Amino acid sequence: ESVRSVPHSYARYKSEIVFGNIDNYSFYELGESAIQRIDGELYWVSPIEYSSVWRWLRADSAPGYVMVSAENPNAEAVLVDDYEMTYVPSAFLGENLERHIRSLYGDVILIDYSFEPDDDGNPYYAYSYAYYDHYRSAPKADGVILVNPVTGEAEKYALGEQPDFIDNAIHYSLALDYAYWFGTYSNGLINSLFAKEGVHQPTSDEEMIGVLGPDGNMYWMIDHMRPNQESNAM
């Protein structure tokens, strides 16, 4: 029922158009655009970030985010600029998102964050954290830390216990590791080095596609191919 039909490049183009309508737009830039499920529909959502340390010093806060439908190519982008987001990734000192989380949870392995508005449009950052299964390698998702960028309030959730509106509790980089391990080592380490029976690998080492499943949950998807540099077939 929910299929992404708007490509990333077109969503960025439409988002940039409305981004120019904010006050003092030269202070800011669009952050990374990601697929989010908001009130049952897929959107490309882009947080507004500071463009430099000097802009951070001049501005009191980042004003919000831009969202554009990922399902309807004819829908216009929407500028949501009625928030004063202080704790963001592009801020500095104590207002930097990662430093702020570190000051509250200094013993976790932080992976990366996603920008996650809830179904009412309130902005949040969800920072995925993990633990190492084998010494300092093979990180496994452990949970998510949810941060309100306006107030700085944060709460830590174990994986599976996070609020329903959080779509990316497992960051795509971790999911990509899982996909690689599954395709490479399902038949054992020795097999992956020599016989390579049944070995397949993700077609990309940089990104995965977020899709909404029939159960209403978000999934990471990527196609696989033979472990051959010249292979172009799924």
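The model is predicted, so local features need pLDDT of at least 70 and side-chain atom pairs count only at pLDDT 80 or more, while totals for chains, interfaces and linings use all residues. Residues are numbered from 1 along each chain as its sequence is written, and side-chain values use heavy atoms, with hydrogens and water left out.

**Stop 1: the salt bridges**

Two salt bridges turn up in a search of the whole structure; the term means a side-chain nitrogen of Lys or Arg within 4 Å of a carboxyl oxygen of Asp or Glu. Select Glu 16 and Arg 12, whose side chains form one of them at 4.0 Å, N to O. Both residues belong to helix α1 and are four residues apart, about one turn of the helix. Helices here are DSSP runs (H or I, at least four residues), strands are runs of E with at least two, and both are numbered from the N terminus. Arg 12 is buried at 19% relative accessibility, and Glu 16 is partly exposed at 40%. Buried means under 20% relative accessible area, exposed over 50%, and partly exposed in between (1.4 Å probe, protein chains only).

Now select Arg 37 and Asp 167, which meet in a salt bridge of 3.4 Å, N to O. Arg 37 is in strand β2 and Asp 167 in the loop between β9 (154-158) and α4, so the pair ties together parts 130 residues apart in sequence. Arg 37 is buried, with a relative accessible area of 17%, and Asp 167 counts as buried at 10%.

**Stop 2**

Move to Asp 39, in the loop between β2 (34-38) and β3 (41-50). Asp 39 counts as exposed because its relative accessibility is 61%. Its phi is near 55 degrees, a positive value in a residue other than glycine. Most residues other than glycine have a negative phi. Patches are made of residues with over 30% relative accessible area and no salt bridge; like charges are joined within 9 Å, and nonpolar side chains (Val, Leu, Ile, Met, Phe, Trp, Tyr) within 5 Å.

For another positive phi, select Asn 24, where the angle is about 50 degrees. Asn 24 sits in the loop between α1 (8-19) and β1 (28-30).

**Stop 3**

Select residues 172-185, helix α4, which has 14 residues and reaches 20 Å from its first C-alpha to its last, close to the 20 Å expected at 1.5 Å a residue. The expected span is 1.5 Å times one less than the number of residues. Among the buried residues of α4 are Leu 174, Ala 175 and Leu 176.

Tyr 185 is also in α4 and is partly exposed at 38% relative accessibility. Together with Tyr 180, Leu 189, Ile 190, Leu 193 and Phe 194, Tyr 185 forms a nonpolar patch on the surface, with about 660 Å² of accessible area in total. Accessible areas come from the Shrake-Rupley method with a 1.4 Å probe; for residues, only the protein chains shown count as cover. Helix α5 (189-193) and α4 each supply at least two residues of the patch, and α5 gives the most, with three.

**Stop 4: two loops**

Finish with Glu 207, in the loop between β10 (201-202) and β11 (209-212), and exposed at 53% relative accessibility. Its C-alpha is separated by 8.3 Å from that of Ile 222, 15 residues apart along the chain. Asp 223 lies in the loop between β12 (218-221) and β13 (224-225).
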